[in-house]
Amino acid sequence: IGVNHLAGHALTPRFTDQLAFPYLMLLVSGGHCQFLVVQDAQTYHRLGGTIDDAPGEAFDKTAKLLGLPQPGGPAVQAEALDGDPAKFKFPRPLLDRPGCDLSFSGLKTALARARDGLIAEQGGLTARDRADLCAGFQAAVADVLTEKSRRALAAAQEITPDLTGFAVAGGVAANTVLREQLADLAHAHDLPFIAPPLRFCTDNAAMIAWAGIENLRAGLVDDMTLSARPRWPLDDRAPAMLGSGKKGAKA
């Protein structure tokens, strides 16, 4: 049974919480970030996504810039606990444009400039500087994803008035600040918020097995001529967001 890796993430709330179709999914990881209306196990409507770095990639690059260990998400979150999220005025990219597309490359660049300015001014970074930079960066990512989720919920409910919930999956879904803000947003829309247990946020075998079960139930069984597809967008009707080469659209 051929399983799309992204479908494994997108169907996780059905595995963990038995969430019925259709629902809105924010798939947010190291390599991908997109809003999907999940209509059934094979039908996805992409509302928007990242046009450059995915949030997880931005967290990893931020950790590297600040000398923190990898993976960057947990390291930045741990540092941010002792920081002031308002100390540095980081941008909230693309909030001035309509729609659900996202960008995190400029945010990463802004953090690098703030770091370089501190180093030039005082000859290095203090522990407090590092915590404040992490807190500011994390707050900016969470704010952008929350506002774009607000827009995606409105768009999804126009497409599918009987939306059953708002779910998040992928490695960045483990971030507690983001979870709290998204949960508040879902509740404001009178929708359940589904975030998987932490062990099911990052890539795992269980999500792939579950996607296989969904395909099996739908009668979608392959034979041994099945080939691996390194690029396999869930919504193949939507234009490619991250470029398309010989291997096809990436996302």
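This is a predicted model: local features need pLDDT of at least 70, side-chain atom pairs count only at pLDDT 80 or more; totals for chains, interfaces and linings use all residues.
Colleague: What holds strands of a sheet together, in general?

Modeller: Backbone hydrogen bonds, with the strands either parallel or antiparallel.

Colleague: OK, and E4? In what sense does it pair with E5, and over how many bridges?

Modeller: E4, residues 166-169, pairs with E5 in the parallel sense over 2 bridges. Phe-166 has Phe-193 as its bridge partner in E5, and Ala-167 has Ile-194.

Colleague: How many bridges join E4 to E1?

Modeller: E1 and E4 are joined by 4 bridges and run parallel. One to look up there is Leu-27, whose bridge partner in E4 is Ala-169.

Colleague: Which way do the E4 side chains point?

Modeller: Phe-166 and Val-168 point one way, while Ala-167 and Ala-169 point the other way. All of these are buried.

Colleague: I've got Asp-132 highlighted in H6. Is Asp-132 buried or exposed?

Modeller: Buried: its relative accessibility is 1%, and the cut-off for buried is under 20%.

Colleague: What does Asp-132 touch?

Modeller: Leaving aside residues up to four places away in sequence, Asp-132 touches Gly-83, Asp-84, Lys-87 and Phe-88.

Colleague: Switching to H5. How far does that helix reach?

Modeller: H5 covers residues 105-122, which is 18 residues, and it reaches 26 Å from its first C-alpha to its last. That is close to the 26 Å expected at 1.5 Å a residue.

Colleague: Which residues of H5 are buried, and what covers them?

Modeller: The buried ones include Leu-107, Leu-111 and Leu-118, and Lys-108 and Arg-115 are also among them. Their cover includes helix H3 (55-65) and helix H6 (127-159).

Colleague: What comes just after H5?

Modeller: Gly-123, which takes a positive phi of about 80°.

Colleague: Now the rings. How many aromatic pairs does the structure hold?

Modeller: It holds 6 aromatic pairs. One of them is Phe-15 with Phe-200, which is edge-to-face, at 5.1 Å centre to centre and 70° between the planes.

Colleague: Where in the chain do Phe-15 and Phe-200 sit?

Modeller: In distant parts, 185 residues apart. Phe-15 is in helix H2 (residues 12-17), and Phe-200 is in the loop between strand E5 (193-194) and helix H8 (205-217). Phe-15 is partly exposed at 26% relative accessibility, whereas Phe-200 is buried at 14%.

Colleague: Why do Phe-21 and Tyr-23 count as stacked?

Modeller: Their ring centres are 6.0 Å apart and their planes are at 5°, so the pair counts as stacked; the cut-offs are within 6.5 Å for the centres and under 30 degrees for the planes. Tyr-23 is buried, with a relative accessible area of 0%, while Phe-21 is partly exposed at 23%.

Colleague: What sits over the ring of Phe-21?

Modeller: The charged end of Arg-14, 3.9 Å from the ring centre.

Colleague: Last one: which residues do ring pairs link into a cluster?

Modeller: Phe-15, Phe-200 and Trp-210.

Conventions: Residues are numbered from 1 along each chain as its sequence is written. Side-chain values use heavy atoms; hydrogens and water are left out. Rings of Phe, Tyr and Trp (its six-membered ring) pair if their centres lie within 6.5 Å; planes under 30 degrees apart count as stacked, over 60 as edge-to-face and the rest as tilted. Buried means under 20% relative accessible area, exposed over 50%, partly exposed in between (1.4 Å probe, protein chains only). A charge sits over a ring if NZ of Lys or CZ of Arg is within 6 Å of the ring centre and within 35 degrees of the ring normal. The expected span of a helix is 1.5 Å times one less than its number of residues. Contact means heavy atoms within 4.5 Å. Two strands pair if DSSP finds at least two bridges between them.
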